[in-house]
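This briefing sets out selected features of the structure shown below, grouped by topic.

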Amino acid sequence: MLDLMLSRRTVRKFTEEKVSEEDREAIIKAAMSAPSGRAIYPVELVVCEDARTIAELKNCRSNGTTALNTAPLAIAIIADADRSDVWDEDASISAAYIMLECEKLNLGCCWVQIRGRSNDQGDSGEAVKKLLRIPDNYEVLSVMAIGHKAEFPAGYTEDKIDYAKVHRGRF
């Protein structure tokens, strides 16, 4: 598993090849198998393969959306905030599981942060909710841009692990 974590890098450029149904379903299963605080499981996904919708998602944030330029698949990670006060942590774990599953499948993935971001009209989360018709009681953590890699950034190596940031027993 550590090898997978070290090889995973953010990919912002994708080929035109679609993500297969089998791979898409594996990604969904990975996201939905993530743990949840107090076993509440407030996380849900909005899976987008329509090029027009993915292009419109780019406008939900002022910047940081270049990965959506070429992504054939985008997954909005949302959660019912009325059900859980730790929805964002739960959604973050699902996002991390998506990134790892994509790497295992040799697909590229980029986390496009939505929570706490804005566009010219206001809050990015509200823009995504409006576009994707997400109910008001839900919050949007991120949109994951996914596709076949058109760039291949080098992975991390263990010598890059900064053990000075590891504290044992006490800070």
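Val-112 is buried, with a relative accessible area of 1%; buried means under 20%, exposed over 50% and partly exposed in between, with a 1.4 Å probe and protein chains only. The model is predicted, so local features need pLDDT of at least 70 and side-chain atom pairs pLDDT 80 or more, while totals for chains, interfaces and linings use all residues. Residues are numbered from 1 along each chain as its sequence is written, and side-chain values use heavy atoms, without hydrogens and water.

**Surroundings of Val-112**
- Strand β3 (residues 107–113) contains Val-112; strands are DSSP runs of E with at least two residues, and helices are runs of H or I with at least four, numbered from the N terminus.
- Leaving aside residues up to four places away in sequence, Val-112 touches Arg-61, Gly-64, Thr-65, Leu-68, Ser-142 and Val-143, where contact means heavy atoms within 4.5 Å.
- His-167 is 55 residues from Val-112 along the chain, and their C-alpha atoms are separated by 31 Å.

**Packing of α2 and α4**
- Helix α2 (residues 21–32) packs against helix α4 (residues 87–104) at an angle of about 145°, with axes 8 Å apart; the axes are lines fitted to C-alpha atoms over the stretch in contact, and angles run from 0 to 180 degrees between N-to-C directions.
- Ala-26, Ile-27, Ala-30 and Ala-31 of α2 meet Ser-94, Tyr-97, Ile-98, Glu-101 and Cys-102 of α4.

**Arginine and ring**
- Arg-9 lies over the face of Tyr-156, 4.5 Å from the ring centre; the criterion is CZ of Arg or NZ of Lys within 6 Å of the ring centre and within 35 degrees of the ring normal.
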